[in-house]
Amino acid sequence: MSRLPPLRLLTTFEAVARLGSMREAATALNVTQPAVTQALKALEDHVGTALIDRTTRPARLTEPGHQLARATRDGLDLIADTIEEIRTSSGLEDQRLTVACTMGFATHWLMPRLSAFYAGHPGYFVNVQVPPTDLPQMWPGTDLVLRYGRGTWTDGTTLRLFGETLCPVGRPALVENLLAKGEGLDAAPLIHVRTVEARHWEGWTDYLARRGLPKPRGRSHIFDNYVQAVQAALDGRGLMLGWRSITDGLVADGSLQAWPEGALDLGTAYFATVSPGAAKRPAVKAFVTWLGEGMEEVP
């Protein structure tokens with residue numbers, strides 16, 4: 001005898017267990033109640049024990065019945081999810097694309113703008129990958145990478161998205177208080193992002209040195225990613241180095257305020273690198289076009 005009973009017996013049993021009634025299960029399955037009863041009896045014969053306690057009104061699941069109900073529910077859910085994944089991957093492959101970028105860029109730049117892309121391209125799907133590194137790579141399965149630097153990558157066609165600038169930002173009350181006291185950046189509480197993966201991003205030491213300003217002597221708050229740092233700045237805990245891609249929107253809506261004449265252009269930018277194998281796919285072409293008509297290919 002097969003270890004597994006016919007699937008129709010399990011789906012009938014699952015309906016009875018879920019609805020708590022043979023009559024309701026029969027209605028949901030569009031079969032007669034005697035057909036449900038026969039299916040349950042056949043399943044019990046296969047299992048070798050009673051699954052329904054018929055001495056109670058209404059009938060209840062026995063302990064083995066509860067065990068099988070949980071397993072059946074989980075199994076059918078897994079089958080349904082797998083079928084949906086297969087349908088999606090096989091039928092919509094040309095309509096999806098995978099984009100890799102940093103957590104800060106995804107959170108504060110890309111995700112808030114994706115609704116606009118979907119509005120213009122309702123049939124496409126964008127999967128966003130956030131790898132544990134400050135410089136995402138063109139891994140297998142990645143169609144497009146958004147990253148910061150000088151555009152020297154050779155793993156695809158690289159297009160310049162926008163120039164990146166750096167400027168200290170903080171809660172307006174904090175910035176105004178420091179300015180009113182005549183205190184400079186060296187005396188301000190500073191928010192640092194320090195991690196071995198943040199080696200491609202300038203920090204406060206680099207910024208102050210480039211501006212010819214004294215070393216910081218105020219208190220410091222240290223975090224391991226820019227999402228945490230932004231939240232700390234919003235909480236008024238100090239000033240952070242605001243990158244255009246991460247904090248411009250917060251400055252525009254008044255949540256943060258830029259330090260006066262604090263902007264620093266490092267000659268860097270954000271770039272989109274398109275995988276050679278994905279460049280001609282409709283979804284990728286549409287996404288690149290949406291990112292900006294003004295992008296230029298980097299030699």
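This report describes selected local features of a predicted model.

## Basis of the model

Because the model is predicted, local features are reported only where pLDDT is at least 70 and side-chain atom pairs only at pLDDT 80 or more, whereas totals for chains, interfaces and linings use all residues. Residues are numbered from 1 along each chain as its sequence is written, and side-chain values use heavy atoms, with hydrogens and water left out.

An unreviewed UniProt entry places the feature "domain: HTH lysR-type" at residues 5–62; UniProt positions follow the numbering used here, feature names are shortened, and annotations may be inferred rather than shown by experiment. In the model this span is 62% helix and 7% strand, and its end C-alpha atoms lie 19 Å apart. Helices (H or I, at least four residues) and strands (E, at least two) are taken as DSSP runs and numbered from the N terminus.

Helix α2 (residues 22–29) packs against helix α3 (residues 33–47) at an angle of about 105 degrees, with the axes 8 Å apart. The two helices are therefore roughly perpendicular to each other, on a scale where angles under 35 degrees count as roughly parallel, over 145 as roughly antiparallel, 65 to 115 as roughly perpendicular and the rest as oblique. The axes are lines fitted to C-alpha atoms, for helices over the stretch in contact, and the angles run from 0 to 180 degrees between N-to-C directions. Met-22, Arg-23 and Ala-26 of α2 make the contact with Gln-33, Val-36, Thr-37 and Leu-40 of α3, where contact means heavy atoms within 4.5 Å.

Leu-40, which lies in helix α3, counts as buried at 3% relative accessibility; buried means under 20% relative accessible area, exposed over 50%, and partly exposed in between, with a 1.4 Å probe and protein chains only. Leaving aside neighbours within four places in sequence, Leu-40 is in contact with Phe-13, Val-16, Met-22, Ile-52 and Arg-54. The C-alpha atoms of Leu-40 and Ala-50, ten residues apart along the chain, are separated by 9.3 Å.

## Aromatic pairs

The count of aromatic pairs comes to 14, under a rule by which rings of Phe, Tyr and Trp (its six-membered ring) pair if their centres lie within 6.5 Å, with planes under 30 degrees apart counted as stacked, over 60 as edge-to-face and the rest as tilted. The rings of Phe-105 and Phe-162 form a stacked pair, because their centres are 6.4 Å apart and their planes stand at 20 degrees. Since Phe-105 belongs to helix α5 (residues 103–120) and Phe-162 to strand β6 (residues 157–170), this pair ties together parts that are 57 residues apart in sequence. Both Phe-105 and Phe-162 are buried.

The rings of Tyr-148 and Trp-243, in turn, have their centres 5.1 Å apart and their planes at 70 degrees, so this pair is edge-to-face. The pair links distant parts of the chain, with Tyr-148 in strand β5 (residues 144–149) and Trp-243 in strand β9 (residues 239–243), 95 residues apart. Tyr-148 is buried with a relative accessible area of 5%, and Trp-243 is buried with a relative accessible area of 0%. Ring pairs also link Phe-105, Trp-109, Tyr-148, Phe-162, Trp-243 and Tyr-270 into a cluster.

## Buried leucines

Leu-266, found in strand β11, counts as buried at 7% relative accessibility. Not counting residues up to four places away in sequence, Leu-266 touches Tyr-148, Arg-150, Glu-164, Leu-166, Glu-202, Arg-210 and Trp-243. The C-alpha atoms of Leu-266 and Thr-165 are separated by 6.6 Å, although these residues are 101 residues apart along the chain.

Leu-291 lies in helix α10 (residues 282–291) and counts as buried at 11% relative accessibility. With residues up to four places away in sequence not counted, Leu-291 touches Trp-109, Leu-144, Leu-146, Leu-161 and Ala-272. The C-alpha atoms of Leu-291 and Leu-161, 130 residues apart along the chain, are separated by 7.4 Å.

## Backbone and cysteines

Most residues other than glycine have a negative phi. Glu-261, although not a glycine, has a positive phi of about 55 degrees; Glu-261 lies in the loop between β10 (257–258) and β11 (264–274) and counts as exposed at 76% relative accessibility.

A search of the whole structure finds zero disulfides, a disulfide being a pair of cysteine sulfur atoms within 2.5 Å. Cys-101 counts as buried at 0% relative accessibility, and Cys-167 counts as buried at 12%.
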